[in-house]
Amino acid sequence: MTPTRPGERHRGLDSMLREAAPSALAVLVRRTGDFDASEDALQEALVAASVQWERDGPPDQPGAWLVTVAHRRYVEAVRRDAARRAREERDALLEPAHRSRAADRDDSLTLFLLCCHPVLRRPAQLALTLRAVGGLTTAEIARGLLVPEATVAQRISRAKARLRAEGARFRMPRADELPDRVAAVCQVLHLMYTEGHTASAGESLARADLSAEAIRLTHLLAEIVPGDARWRGEVDGLLALMLLTESRRPARLRVGAPGAPPVLVPLDEQDRSRWDPELIAQGIALVERALATSAPGPYQLQAAIAALHAEAPSTEATDWPQVLALYELQRQVGPGPMVELGWVVAVAMVHGADVALRELETVALEPALAGHIRVHAVRAHLLARAGRDSEARAEFAVAAGLALNATERRYLEAKAAGA
């Protein structure tokens, strides 16, 4: 057996901690009713785990270990604070730590709904929930929201203070409260899935654990949303979008030369026979039901676009006029920087690369897209499609210089070299 190298073992522990931390925090907050103190206690437990697990190996139940150690840290902190002595006595009566893993993880969705409390503005809801429950770093959140990292840190700090001042309780919202929170939770889950599908930084192209958790929680959200709720279509649309996107995972990487890292395969070069037909069927059924029963929302439209790609035998055979029409509608219903870039690509496929390049220059003026890697990557592909190869290679080089994901960077460098 080949021994595990220290670096590989360290990355494995990091992944394990990332996966276990959100559900552990949910359990702690439910028990203590104190978000800030629970988060502080969990951070101490994570530090202890990084040392002890590295030395002795991880426990059989990482989440239960974190809950036990963090709860112990919490109780110790309470004991040091005479003003909290009454809370400490109540905690001693709380249920023991041997809850089932399924029950603990179900608390995660409740914590999502808490962090998306209506007293917070949407940007604060997203930042707090992605950091506290989604397990994303401040830098990853900033890249996902297209804002500076310092802005995200400020939003998180202010959101915690606001929730504390409002006395927000950890409980599942009543039915009449759900409409104000579901939209925010959907956006959080979408951002989680996006980071899991294509990691914004690091060695690996994707974080399968994060995207799987986003899908799991979206399934749970769909279960608690009434079938006749006016927002049901968007929950189904989001789940459809995730499943259709996930169906392409087996074809996204190609094994490189012996000893070399895997190679990124863009959508138009993927072997579509490797796409998962079961996920495609589930996604298409969901989006068809959503569009038939409710007014189209942003996630339904994105899922409909993904369905057109899934049904087409090739990129060239895709119904691009319909894709463009859906993007046009989405620009009205749910506009955003990435929607604009997707629309530009659809324009290229319908009206030609030269038209799309002119449109891109206007789209690139969006402040959130200033100097963004996706702008340069799209421009490079359009230039290549227009036959302007030397300009395309130069633009691929610029994009490669901005790439924080190693797999993407290698792909862009190869394109810049004319490969």
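# Close-up views of a predicted model

View 1. Serine 294 is placed in the loop that runs between α12 (277-293) and α13 (298-311). The model shown here and in the other views is predicted. With a relative accessible area of 18%, serine 294 falls under the 20% limit, so the residue counts as buried. Its side chain reaches back to the backbone oxygen of alanine 290, at 2.9 Å. A second polar contact, of 3.4 Å, links the side chain of serine 294 to that of glutamine 300. Leaving aside residues up to four places away in sequence, serine 294 touches Gly233 and Gln300.

**View 2. The tryptophan pair between α2 and α3.** One aromatic pair is found in a search of the whole structure. The pair is made by tryptophan 53 and tryptophan 65, in an edge-to-face arrangement with 5.2 Å centre to centre and 70° between the planes. Tryptophan 53 belongs to helix α2 (residues 35-56) and tryptophan 65 to helix α3 (residues 62-79), so the pair ties together parts 12 residues apart in sequence. Both partners are shown with their side chains. Tryptophan 53 is buried, at 2% relative accessible area. Tryptophan 65 also counts as buried, at 17% relative accessibility.

**View 3. Arginine side chains over tryptophan rings.** Two sites are drawn. In one, the charged end of arginine 248 sits over the ring of tryptophan 275, at 5.9 Å from the ring centre. In the other, arginine 331 lies over the face of tryptophan 343, and the distance to the ring centre is 3.7 Å.

**View 4. The buried face of helix α16.** Helix α16 spans residues 353-363, and its buried residues are Ala353, Ala356, Leu357, Leu360 and Val363. Seen down the axis of α16, these residues fall within an arc of 115°, so they line one face of the helix. An α-helix has 3.6 residues a turn, so residues three or four places apart point the same way. The buried residues of α16 pack against α15 (337-351) and α17 (373-385). On the face turned away from this buried side, α16 carries Arg358 and Thr362, which are exposed.

**View 5. Helix α6 inside the structure.** Helix α6 covers residues 122-132, and eight of its 11 residues are buried, so the helix is largely enclosed by the rest of the structure. The buried residues of α6 are Ala124, Gln125, Leu126, Ala127, Leu128, Thr129, Leu130 and Ala132.

**View 6. Backbone at leucine 146.** Leucine 146 is found in the loop between α7 (138-145) and α8 (149-166). The phi angle of leucine 146 is near 60°, a positive value in a residue other than glycine.

**View 7. The whole chain, for orientation.** The chain has 19 helices and two strands as its secondary structure. Of its 419 residues, 49% count as buried. The accessible surface of the chain comes to about 20000 Å², and carbon and sulfur atoms contribute 53% of this area. Among contacts in the chain with a separation of 6 or more, 65% are between residues 24 or more positions apart.

Methods: Residues numbered from 1 in each chain as written. Predicted model: local features only at pLDDT ≥ 70, side-chain atom pairs only at ≥ 80, totals over all residues. Heavy atoms only, no water. Buried < 20%, exposed > 50% of the residue type's maximum accessible area, 1.4 Å probe, protein only. Helix = DSSP H or I, 4+ residues; strand = E, 2+ residues; numbered from the N terminus. Arc of directions from axis to C-beta. Contact = heavy atoms within 4.5 Å. Areas by Shrake-Rupley, 256 points an atom, 1.4 Å probe, with all protein chains shown as cover. Phe/Tyr/Trp six-rings, centres within 6.5 Å; stacked < 30°, edge-to-face > 60°. Lys NZ or Arg CZ within 6 Å of the ring centre and 35° of its normal. Polar contact = N/O pair within 3.5 Å; in protein donor to acceptor, adjacent residues only side chain to side chain.
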